[in-house]
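Try each task before you read the solution.

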Amino acid sequence: MKQSEALEILKMGKNVFLTGPAGSGKTYLLNQYINFLKSKSIPVGVTASTGIAATHMNGVTIHSWSGLGIKDRLSALDVESLLEKAYLKRRFKYAQVLIIDEISMLHSFQLDAIDIICRAFKHNDEPFGGMQIILCGDFFQLPPINRMGGETNFAYKSNIWTNMNLNICYLEEQYRQEEGNSLLKILNEIRDNGVGEQTWELLKTRQQYEEFKFTPTKLYTHNRDVDSLNFQELSKIDSHPSIYRMKDTGARKLVDSLKKSCLAHEELHLKIGAVVMFIKNNFEKGYVNGTLGTVIDFNEGKPVVETYSGKEILVEDESWHIEEEGKQKARITQIPLRLAWAITIHKSQGMSLDMAEIDLSKSFVAGMGYVALSRVRSLEGLYLKGINNTALMVNDEILEFDLELKKESERAVFRLKSEPRTEEIQEEFIETSTVEDYIEEKISTYDITKEMIAKKMMLEDIALERNLTVSTIVNHLEKLAEEKGEGRVNFDYIKDDVENFDIILKAWKKVGGNKLAPIKKALPDEISWEEIKLVKLFV
């Protein structure tokens with residue numbers, strides 16, 4: 001199918017699964033459609049299964065957008081709790097279209113849970129509450145990781161998949177790489193399960209190491225190899241590390257489940273010069289899960305990271321939590337970074353790299369080679385450290401499913417060309433989906449916090465309601481404290497929320513000055529920077 005044909009189907013308001021090989025322009029087409037929807041005042045939820053994929057469309061993760069978070073199961077009480085969240089009510093009230101990119105990295109049970117949430121908010125028992133649903137991805141990618149054990153199923157194994165009346169749009173034109181590009185031919189051979197001797201010989205030419213202009217990102221199949229190399233590289237930096245220890249609270253079993261799901265180190269060692277990767281989304285601060293950078297400084301005990309795009313970020317603690325029946329049952333807090341001289345192939349999904357050093361010698365599941373090689377923009381940017389026979393294999397079930405998707409896509413093209421009312425159907429979709437009084441929410445994130453402070457909400461509750469960290473809310477308060485005049489919000493009640501207020505205030509009077517570092521040094525280690533910042537608001 002051509003992009004132009006897929007766009008016509010999308011504009012008809014049809015539910016769509018958009019797929020195709022690397023470089024076929026899936027994300028480009030989604031952005032075209034998003035711009036079309038916005039031009040017609042049709043509210044759209046722009047999401048993806050991962051943070052880094054979401055940034056390609058200026059969106060958010062589907063977990064955040066829907067309120068699902070990291071839950072593996074969704075009870076009736078969970079749904080009731082979500083229905084009480086004001087920001088989710090506003091979101092679902094207007095949304096007419098929902099886009100989920102990188103669907104291959106979403107578990108089948110997660111897609112079913114998102115469907116349940118959408119129906120509940122929309123008070124509509126049609127799939128996804130009657131919204132147009134657009135799923136995008138490539139099932140030749142690796143399946144989602146189930147960190148809690150048990151069976152791992154792609155999204156097409158979900159209960160809702162066959163009930164969505166999906167139109168399959170299989171893009172087959174190539175845009176990312178120039179015609180005749182060797183890497184493109186290799187990727188297509190892998191997809192067709194037809195890798196020949198010529199391809200193996202071509203890959204062998206990339207096993208001769210050459211000097212790159214920049215240090216290439218290293219991709220490995222196993223976490224232990226990644227951790228070992230990262231430790232070796234950190235050891236080469238001749239300085240003492242800054243050490244960050246995870247804090248946790250709640251039932252041990254739930255805490256352990258959080259630790260497995262969030263990828264944060266229980267003890268994180270950092271030095272200036274360390275290559276790191278963010279492991280959480282914080283769009284306000286300018287990073288997502290997968291953003292790469294280098295530690296360039298430490299400020300008030302916190303690392304300062306320069307991302308590869310040149311943005312400097314002061315990295316503060318982030319929290320991951322589990323909520324049940326509206327109450328927080330477990331919480332862990334840590335600096336949201338991992339060492340990243342090397343990363344796993346699983347974690348690389350959604351990235352596009354100019355250069356990469358890839359080791360496929362320990363490939364243990366079909367699809368690893370396809371994912372790893374498709375991260376690189378050209379064969380010239382690849383150094384292949386090793387490869388085994390499993391690397392270029394593909395899952396037989398996916399091969400069979402892919403053939404059926406191609407046939408369904410051909411049928412969709414036939415239906416499009418046979419439909420005499422295409423323009424009329426598109427006009428009807430615009431007419432029924434346009435929200436005339438809809439204005440995309442531009443309210444400042446500080447103003448939202450200000451509204452909640454005016455209601456005398458506790459900081460933990462504000463963070464929970466807004467899916468932010470307490471640290472971020474404290475930063476908002478620092479900015480709000482600068483306001484003058486009648487509009488200034490009163491947050492004196494927060495004093496009672498600072499457990500060590502009197503201890504910190506006493507130390508402040510003794511040390512003097514406005515710098516936080518000397519105050520922190522004069523206090524017990526268990527007193528956090530956030531508490532000190534809160535006391536500063538009243539000094």
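**Exercise 1.** Which backbone oxygen lies 3.2 Å from a polar atom of the side chain of Lys26?

Solution. Keep in mind that you're looking at a predicted model. Start by placing the residue: Lys26 belongs to helix α2, which covers residues 26-39. Now follow its side chain to a polar atom; the backbone oxygen 3.2 Å away belongs to Pro21.

**Exercise 2.** Decide whether Lys26 is buried or exposed, then list what it touches beyond its sequence neighbours.

Solution. Step one is the accessibility: Lys26 has a relative value of 14%. The cut-off for buried is under 20%, so Lys26 counts as buried. Step two is the contacts. Skip the neighbours within four places in sequence, and you're left with Leu18, Thr19, Gly20, Pro21, Cys136, Gly137 and Leu171. Step three is a distance check: Asp101 sits 75 residues from Lys26 in sequence, yet their C-alpha atoms are 9.1 Å apart.

**Exercise 3.** Work out the strand order of the six-stranded open sheet, and say which strands stand at its edges.

Solution. Reading across the sheet, you get β3-β2-β4-β5-β1-β6, with parallel pairing. The edges are β3 (60-61) and β6 (167-170); each has a single partner strand, so one side of each has no neighbour in the sheet. Next, zoom in on one pair: β1 (residues 16-19) and β5 (residues 132-136) run parallel and are joined by three bridges. In that pairing, Val16 faces Ile134 of β5. Finally, look for what lies across β1 and β6: that's helix α14 (residues 396-418), at about 105 degrees to β6.

**Exercise 4.** Sort the residues of β10 (residues 267-270) into a covered and an uncovered face.

Solution. Leu268 and Leu270 make up the covered face, while Glu267 and His269 are on the uncovered one. Then find a partner strand: β8 (residues 242-245) runs antiparallel to β10, with four bridges joining them. Opposite Leu270 you'll find Ser242.

Technical notes:
Residues numbered from 1 in each chain as written. Predicted model: local features only at pLDDT ≥ 70, side-chain atom pairs only at ≥ 80, totals over all residues. Heavy atoms only, no water. Pairing = 2+ DSSP bridges. Helix = DSSP H or I, 4+ residues; strand = E, 2+ residues; numbered from the N terminus. Contact = heavy atoms within 4.5 Å. Axes fitted to C-alpha atoms, helices over the stretch in contact; angles between N-to-C directions. Buried < 20%, exposed > 50% of the residue type's maximum accessible area, 1.4 Å probe, protein only. Polar contact = N/O pair within 3.5 Å; in protein donor to acceptor, adjacent residues only side chain to side chain.
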